[in-house]
Amino acid sequence: AIWVYMFNKNMLKDFNLEDPYELVKNGKWTFDKSYEMMEAVAADLDGDGKFTDADRFGLATHNVNYYALLIGGGEPLAEIGNNGSPSITAGDDRFTAVYDKISSLFGKDNYSLMEYEGKVFMEGRALLCGQVMACVRLFREMEDDFGIIPVPKYDEAQSQYYSYVIPYDVFAASIPITSKDPEMTGTVLQTMAILSDYYITPAYYDVTIQGKGLRDEESLEMLDLIRDTTVYDLAMMYNWASFAGNLATDLQNQKEFASNYKRKQKAIDKEIQKMIDNFSNNQN
């Protein structure tokens, strides 16, 4: 469920573009650099005057990529405060700058395709493909060679890369209130989780992702970087007042952020407090 970018190595050579691996290692894999490379390859191949899935794109993805870019830019919507409670932290100057850049750069249809991403990338008509890591295995039969890198960061001044974990692709187990021995159930679940982390997760990465999906040693290094920089955004998980759930559409349509957030702020705060109260009551 971790969001990654895959890139077409053949297209890099054809257009004499920089090596994404080196860009990542040198801290130069940024919004602007990725857009520059996207712009270099995009073309209306069938000459019909519009961009469809028959053309060539800089980026093939879907609208979850907007959330991934926010996280990649170091700006999750929610954070945990010193008191242990979540709050919406969006809205300061840096968040607005990241939001506005995503909207202006990646909301252009002629460089980004927000559908058919697997088909277009598989057929060698997209330089980049934004998807969850699990999709790497779907490109085993892809004729062109490809690599894997993290989502770009906002600018070179940003200290590190961040990798978005999609909440609705992450499964959770819950213990019903009718459980006669919830402590024992919790102990069993915890034991299963620990053993899974020891045995199943390494097997998945080593066999399914690395062994059957990735094609070079650099990808393994990138995979470690991606796994070490994951971010879980509570605002995306709980979607308080339906605010986060609509954000991708707002970004794609280049809607201004501040006024929209101001309209929703009271409702968001109310739902956050309700969630906190529910957890507190259940603990008591």
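In strand E7 (residues 146-149), Phe-146 and Ile-148 point one way while Gly-147 and Ile-149 point the other, and all are buried. Buried denotes under 20% relative accessible area, exposed over 50%, and partly exposed the range in between, with a 1.4 Å probe and protein chains only. Strands (E, at least two residues) and helices (H or I, at least four) are DSSP runs numbered from the N terminus. The model is predicted: local features need pLDDT of at least 70 and side-chain atom pairs count only at pLDDT 80 or more, whereas totals for chains, interfaces and linings use all residues. Residues are numbered from 1 along each chain as its sequence is written, and side-chain values use heavy atoms, with hydrogens and water left out.

Strand E7 runs antiparallel to strand E1 (residues 3-8), to which four bridges join it; two strands pair if DSSP finds at least two bridges between them. Within this pairing, Tyr-5 stands opposite Ile-149 of E7.

The cysteines come next. A disulfide is a covalent bond between the sulfur atoms of two cysteines; the criterion applied here is a pair of cysteine sulfur atoms within 2.5 Å. The structure holds zero disulfides. Cys-129 is in none, and the nearest cysteine sulfur, that of Cys-135, is 7.4 Å away. Cys-135 likewise takes part in no disulfide, its nearest cysteine sulfur being that of Cys-129. Cys-129 counts as buried at 0% relative accessibility, and Cys-135 is buried with a relative accessible area of 14%.

Charged side chains form twelve salt bridges in the structure, each defined as a side-chain nitrogen of Lys or Arg within 4 Å of a carboxyl oxygen of Asp or Glu. Lys-25 meets Glu-22 in one of them, at 3.9 Å from N to O. Both residues lie in helix H2 (residues 20-25), three residues apart, which is about one turn of the helix. Lys-25 is partly exposed at 40% relative accessible area, and Glu-22 is partly exposed at 38%.

Lys-25 also forms a salt bridge with Glu-221, the closest N and O atoms being 3.6 Å apart. Because Glu-221 belongs to helix H8 (residues 217-228) and Lys-25 to helix H2, this pair ties together parts 196 residues apart in sequence. Glu-221 is partly exposed, at 42% relative accessibility.

A further salt bridge joins Asp-32 and Lys-101, with 3.0 Å between the closest N and O atoms. This pair links distant parts of the chain, 69 residues apart: Asp-32 in helix H3 (residues 31-41) and Lys-101 in helix H5 (residues 93-106). Asp-32 is partly exposed at 41% relative accessibility, as is Lys-101 with a relative accessible area of 22%. Finally, a network of salt bridges links Asp-53, Lys-119, Glu-123 and Arg-125.
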